[in-house]
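Subject: Structure handover

Hello,

Here is the structure for you to look over. Please open it alongside the notes below.

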Amino acid sequence: MPAAVPVAADGDAQSEATAQMVEAIFNYTRWPNRPQPIRLCILGPSSHTAKLDAIALLNGTKVTVDELGSITENMNDCDALYLGHLPLTSIRYTTAKVRGKPVLTLIERDSDCSASEVMFCLSFRSNTLSFQLNIDAISRSPLRIDPRVLRLSKEH
C-alpha cells in the first residue's frame, strides 16, 4: 500500500492519486458482511473524486460511487463515506450517524485527523498525497484494518 503518492499539482493527477489511495485503503479493509459491490458515497463538494469510479479491488469486489451531495438518509446504505468540503458540525453529525456500523470514513481535509472523527484523512502537500489515521475512530468500528496500514501511517 502506498503511504505517500507523488502527485503533480494539476487536478487530474490529484484525482488519480486520490483514487489509488482510496483503492489501497479498501484493499486493506475487511467488512464483516463483505459487501458486493462496495457502495462508496461522496458527501459534500469535493476536489479530488473525479476518478473514484475507476477503483478496482484486488479480490474482484466492485466499487460503485454515488454522489449524495448532502447528508441524507441514503447514506445508511453506504459501505464507505468520502467527505468533501462540509462544515465541521455536518462532518461530526455524519460520523456519529455511522459510528459502530461497518462504514469506512475518509475525508479530504482534516489537518490533524482528529477534529472530524473520520477514520482516514487524506493529506495533500506539495507534490505528495499521504494519509493519517484516527485510531479512535477505527477502534469504534466493526471494520478490520490490516495492521500494515497502521504502521505505514506512522512513517509518513
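What follows covers the strands, the disulfides and the aromatic pairs.

This is a predicted model, where local features need pLDDT of at least 70, side-chain atom pairs count only at pLDDT 80 or more, and totals for chains, interfaces and linings use all residues. Residues are numbered from 1 along each chain as its sequence is written, and side-chain values use heavy atoms, leaving out hydrogens and water.

Strands

Helices (H or I, at least four residues) and strands (E, at least two) are DSSP runs, numbered from the N terminus. Two strands pair if DSSP finds at least two bridges between them. β6 (residues 104-107) pairs with β7 (residues 120-125) in the parallel sense, over two bridges. L106 stands opposite F120 there. On β8 (residues 128-133), β7 pairs antiparallel through six bridges. F120 has L133 as its bridge partner in β8. β7 and β8 form a hairpin with two residues between them. N127, in the turn, has a positive phi of about 65°.

Disulfides

The structure holds two disulfides (cysteine sulfur atoms within 2.5 Å). C41 and C78 make up one of them, with 1.9 Å between the sulfur atoms. This link is left-handed, at -95° about the S-S bond. The pair joins distant parts of the chain, 37 residues apart: C41 sits in strand β3 (residues 38-43), and C78 in the loop between β4 (63-67) and β5 (80-83). Buried means under 20% relative accessible area, exposed over 50%, and partly exposed in between (1.4 Å probe, protein chains only). C41 is buried, at 0%. C78 is buried too, at 3% relative accessibility.

C113 and C121 form a disulfide, S to S 2.1 Å. Its torsion about the S-S bond is about 80°, so this disulfide is right-handed. C113 and C121 are both buried. With the bonded cysteines numbered in sequence order, the pairing reads 1-2, 3-4.

Aromatic pairs

Rings of Phe, Tyr and Trp (its six-membered ring) pair if their centres lie within 6.5 Å; planes under 30 degrees apart count as stacked, over 60 as edge-to-face and the rest as tilted. There are two such pairs. F26 and W31 have ring centres 5.7 Å apart and planes at 85°, so they are edge-to-face. Both residues, F26 and W31, are buried. F120 and F131 form a tilted pair, 6.0 Å centre to centre with 55° between the planes. This pair links distant parts of the chain, F120 in β7 and F131 in β8, eleven residues apart. F120 and F131 are buried.

Best regards
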